[in-house]
Structure formats: C-alpha cells, structure tokens
Amino acid sequence: MNFAIVGPGAIGSLWASYLIQAGHHVCLWSRNSSPHISIQRDECPAIQFHNGHTEQLAQADVVLVTLKAPQVQHVLESIAPHIDKDAILLLMHNGMGTAKATQTLFPNNPLLLATTTHGAYRPSSTQVLHTGQGQTLIGAVNQKGTQCEFLVEVLNHALPQVHWQHQINQALWNKVAINCAINPLTALHQIRNGELAAVHYRSQLDSITTEVALVMQAEGIDADAQHLRKTVNDVIEATANNYSSMEQDIAHQRPSEIDFITGHLIKTARTHGIDVPVNEQLYHAIKQIEQSW
Ligand code: PAF
C-alpha cells in the first residue's frame with residue numbers, strides 16, 4: 001500500500017521505518033523542507049524517504065497523521081487539496097478533540113483514530129529508537145471508517161500488536177485519563193514520571209482521577225476512579241525513567257498538548273455541568289507558563 005506519514009516525529013518515524021520494512025511504499029510530509037529524509041531505527045541501516053512530494057501524497061492510500069494535536073488542523077488544512085478523496089485518514093496523537101475539524105475538512109474520506117503505547121525516542125533528527133514494545137488500538141470515527149477494519153492486519157504485520165476497537169472513544173478516554181494525571185504535574189514540577197510515586201502527589205493524583213472518572217461516566221464511557229488510579233500508578237511505574245511529552249514541551253518552551261488533554265476534559269465536564277477544580281487549576285498553571293514565554 002502507499003502510506004504517507006504526516007508529522008514524522010518519534011512515533012511517525014517508527015511507523016515509517018516498520019511500514020517500509022514490511023514492503024509498503026512510504027513517503028513523509030514534514031516541516032523540514034528537504035526533499036529526502038533519512039531515518040535510522042535502532043541498529044537497522046538508515047533508509048531514505050521522499051519528503052514533501054505532493055504527487056506522492058496524492059497517491060497515498062493511507063495518510064497516517066502523527067502530528068501533535070495542536071498542529072493537526074492547520075497542517076491538514078494546508079495539505080487537504082493533495083489528499084485523494086478515498087484515502088484513509090488515521091490520526092495518532094495524545095489527547096482528543098481533533099476529529100471534528102478533520103471530518104469537516106475531509107467529509108468524504110474514511111476517518112480513523114488511534115492510540116499507541118509504543119515507546120519511541122529521537123536522539124537526533126535522523127535516528128529513532130524503539131524504546132518500548134506496546135500496542136496500538138484503532139477505531140472508526142465515521143461510517144466509511146467502519147469499513148477499514150482490514151487495516152488492522154496490514155499494520156499488525158508491520159508493527160504488532162494492533163487491535164480494532166468498536167468504541168475507540170473508550171480507549172482514547174482511558175489514555176486521556178493517564179495523560180491528565182501524569183503530564184501536567186510532571187511538566188509543572190519538571191520531574192520524571194517516576195517521581196509522581198512520592199506520597200506528596202498522592203492526594204492530587206486521587207482528585208485528578210476521580211474528576212476524570214466522573215466526566216467519563218457522564219460521557220457514557222466505562223470508568224471506575226479506583227481502577228483509573230491503579231492504571232495511572234502502573235504507568236508511572238512502567239515509565240518511571242521517562243520525561244512525559246508535556247514535561248519536554250515545557251522544558252523546551254514549545255506549546256504543549258494541554259488543550260487536547262486537560263482542556264478537553266474541562267470542556268466536556270462543562271457540557272455535563274460537572275466541576276473539575278483540580279484539573280482546572282493544573283490547566284491554568286500550564287497555560288500561565290506558556291503565556292509567560
Ligand atoms: O505523554 C506521554 O509522555 C505519555 O503518553 C505517557 C504515557 C504519559 C508516558 O510518558
């Protein structure tokens with residue numbers, strides 16, 4: 001198949017490398033203006049990818065969008081004229097809230113959302129390390145998307161495990177819950193994920209997950225506060241040495257994904273008349289830092 005990877009950061013580079021190795025045609029669309037981009041994954045030989053070719057983008061059967069949530073709308077607007085009307089759009093990023101604008105831009109394309117737990121790290125712009133095996137869950141947003149379940153087999157062949165989710169919102173909310181707990185706190189205190197295991201953070205993490213569980217339940221999503229809290233603890237332990245993506249964004253003065261994580265929670269809470277004061281306080285603290293730059 002022809003794949004286009006839009007936003008080849010760590011996760012996008014990982015997929016590009018595994019998809020080409022599985023025999024697919026893969027092109028990149030990056031803000032880097034060079035016509036070729038080389039990616040070396042782990043100890044494998046480096047591979048050259050075409051980058052920024054509109055003709056190749058137009059031939060893509062699948063457009064895998066691995067941009068960060070805040071960049072999705074504006075980059076997709078810029079490439080929309082080059083995307084085939086039958087191309088499958090697959091968005092894979094932290095947070096929620098980009099599907100609606102994407103559907104408006106591409107009303108006739110199959111639209112899928114994905115969440116992944118693979119660990120990837122880019123020590124340089126031409127290298128990617130696959131730092132942790134994970135799984136990828138994908139599911140449909142629109143009617144045409146429901147006909148794309150076959151993609152699970154294609155992707156699974158390249159980078160397992162991939163599973164189809166009939167309720168992708170459940171999987172996305174579970175991930176949002178983890179990100180609401182870990183990302184703002186690690187970003188504010190500039191600490192590794194593992195440091196959140198300290199007693200000092202316990203009551204704040206309890207309140208965050210209780211608030212998230214209430215909003216999820218109001219949305220009709222299965223959620224149990226204690227279960228979410230345990231999952232958060234498991235992720236803190238499993239990723240103890242990592243810096244979260246938001247910690248990194250704040251450390252490097254880049255706009256974070258807060259609007260699509262805690263911001264999405266707050267917006268959804270409002271529609272149900274639910275108060276989420278602890279999450280609101282964290283949201284404003286991150287926004288304040290971003291506005292101070
Ligand atoms: O955003 C991140 O960094 C990751 O989603 C997670 C799970 C919090 C691990 O660092």
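Modeller: The side chain of Ser245 has an N or O atom 2.6 Å from an oxygen atom of the ligand; a pair of N or O atoms within 3.5 Å is counted as a polar contact. A polar side-chain atom of Asn183 lies 3.1 Å from a ligand oxygen, and one of Lys175 lies 3.2 Å from a ligand oxygen. On its own the ligand has 280 Å² of accessible area (Shrake-Rupley, 1.4 Å probe), and the protein covers 84% of that area. This is a predicted model, in which local features need pLDDT of at least 70 and side-chain atom pairs count only at pLDDT 80 or more, while totals for chains, interfaces and linings use all residues. Residues are numbered from 1 along each chain as its sequence is written, and side-chain values use heavy atoms, with hydrogens and water left out.

The residues around the ligand (a heavy atom within 4 Å) are Asn94, Lys175, Asn179, Ile182, Asn183, Asn193, Val235, Ser244 and Ser245. By class, this shell has six polar residues, two nonpolar and one charged.

A pocket here is an open set of points on a 1 Å grid where a 1.4 Å probe fits, with protein on both sides within 12 Å along at least five of seven lines, and lining residues have an atom within 4 Å of a point. Besides α6, the elements giving two or more residues to its lining are β6 (88-92), α4 (99-105), β7 (111-116) and α10 (262-271). Of the 22 lining residues, Met96, Gly97, Ala99, Leu113 and Asn169 lie nearest the pocket centre. The lining divides into eleven nonpolar, nine polar and two charged residues.

As for the domains, UniProt (unreviewed entry) places "Ketopantoate reductase C-terminal" at residues 168-290; such annotations may be inferred rather than shown by experiment. That span is 68% helix and 0% strand, and its end C-alpha atoms lie 31 Å apart. The same record lists "Ketopantoate reductase N-terminal" at residues 4-142, a span with 25% helix and 36% strand whose end C-alpha atoms lie 21 Å apart.

Notes. Helices (H or I, at least four residues) and strands (E, at least two) are DSSP runs, numbered from the N terminus. A polar contact is a pair of N or O atoms within 3.5 Å; within protein, one must be able to donate a hydrogen and the other to accept it, and residues adjacent in sequence count only if both atoms are side-chain atoms. Ala, Val, Leu, Ile, Met, Phe, Trp, Tyr, Cys and Pro count as nonpolar, Asp, Glu, Lys and Arg as charged, and the others, Gly among them, as polar.
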